[in-house]
Amino acid sequence: MGANSIRTNLSRDSTISEIRLCKSADIAHEYVHLIVEGPDDIRFFRFNTSEKAILYESFSGKIGVIDIVSHFSTDNVIGVCDRDYDSLDPSEPIFYYDRSCLETMLIADDKTFEKTCCSLYPDVLDYDTVHTQIFESLRWLSLFRKIDANEGFHLNFKSISIAKAFKKQDRSLDISILLAQLCDANREFFYTHRDCLSIVTQEMQKSVDSEQLILDTRGHDCLEMFHCLCKPKAGKDCFNGASILTALICAFDFSQSKLYHDLSDYGCRHNLRIVI
């Protein structure tokens, strides 16, 4: 593992200036400038990229990643971001995580999930059931998020709390609580789009394969649901979303992912050492 140079909390202009300065000093064209969405992505890539990779946190999430990479249009300025609900693969030098985002790439991997459960919650014995429950329990909320993204409604999801909607008795989510949270934050929307709830209800009746279920699920919802399903019914829980994500990152074998092979192949074609 190399000692990556990391740039965070920069504005768009300062990020561009920093990259331009580094590129001008890189006479041998050895370094690659990797733009990612946020601090969790930095945490993941600092242990999975070579010492020739300089990591930058985007000034504005996915939009910022695409903006900065597009500004340079050179082979050694690349970006990795969430797929979200995009149906098409991006054009190089933009790359997507396997599945929908970093979190779902990690959680969807069976070995990673089992190792993490075993390390954090040794009392959880049925890993497969918990794994399935995460995505199936979130389907109603995931459908709302997907419709919102596809239709451009710009719903406010900040009031959503998986923990408050979680029912300990049967380890499921109370949809009525999730709906109340959405309605409280989006009152005008539900007055003018009464059909949206019907669409979600109809979609819930349709069968969907596990891969599509994973693709439709938001990463941070997964982490919160994972936490709810695994934390002990009594006693202190020593973990939170951040520590669970850290454990997932440490347990994940990046070399087995599609993203690793995409970055490795790209690096070979452009004589860049991106991944380890």
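**View 1. Ser-257 and the residues it touches.** Ser-257 touches Asp-98, Met-105 and Phe-252, leaving aside residues up to four places away in sequence; contact means heavy atoms within 4.5 Å. The model is predicted: local features need pLDDT of at least 70, side-chain atom pairs count only at pLDDT 80 or more, and totals for chains, interfaces and linings use all residues. Residues are numbered from 1 along each chain as its sequence is written, and side-chain values use heavy atoms, with hydrogens and water left out. Ser-257 sits in the loop between α14 (241–251) and α15 (258–269). Helices (H or I, at least four residues) and strands (E, at least two) are DSSP runs, numbered from the N terminus. With a relative accessible area of 2%, Ser-257 is buried. Buried means under 20% relative accessible area, exposed over 50%, partly exposed in between (1.4 Å probe, protein chains only). A polar atom of the Ser-257 side chain lies 3.1 Å from the backbone nitrogen of Tyr-260.

**View 2. Phe-45 and Phe-254, an edge-to-face pair.** The whole structure holds 14 aromatic pairs. Rings of Phe, Tyr and Trp (its six-membered ring) pair if their centres lie within 6.5 Å; planes under 30 degrees apart count as stacked, over 60 as edge-to-face and the rest as tilted. Phe-45 and Phe-254 are 6.1 Å apart centre to centre, with 90° between the planes. The pair links distant parts of the chain, 209 residues apart: Phe-45 is in helix α2 (residues 39–45), Phe-254 in the loop between α14 and α15. Both Phe-45 and Phe-254 are buried. Ring pairs also join Phe-44, Phe-45, Tyr-97, Phe-252, Phe-254 and Tyr-260 into a cluster.

**View 3. Phe-95 and Tyr-266, another aromatic pair.** Phe-95 is in strand β5 (residues 94–96) and Tyr-266 in helix α15, 171 residues apart. Phe-95 counts as buried at 4% relative accessibility. Tyr-266 is buried too, with a relative accessible area of 3%.

**View 4. Helix α7, residues 139–151.** The 13 residues of α7 should span 18 Å at 1.5 Å a residue, and the end C-alpha atoms are 18 Å apart, which agrees. The expected span is 1.5 Å times one less than the number of residues. Buried residues of α7 include Trp-140, Leu-143, Phe-144 and Arg-145. The charged end of Arg-145 sits over the ring of Phe-157, 4.5 Å from its centre. Such a placement requires CZ of Arg or NZ of Lys within 6 Å of the ring centre and within 35 degrees of the ring normal. Just after α7, Gly-152 takes a positive phi of about 70°.

Conventions: Polar contact = N/O pair within 3.5 Å; in protein donor to acceptor, adjacent residues only side chain to side chain.
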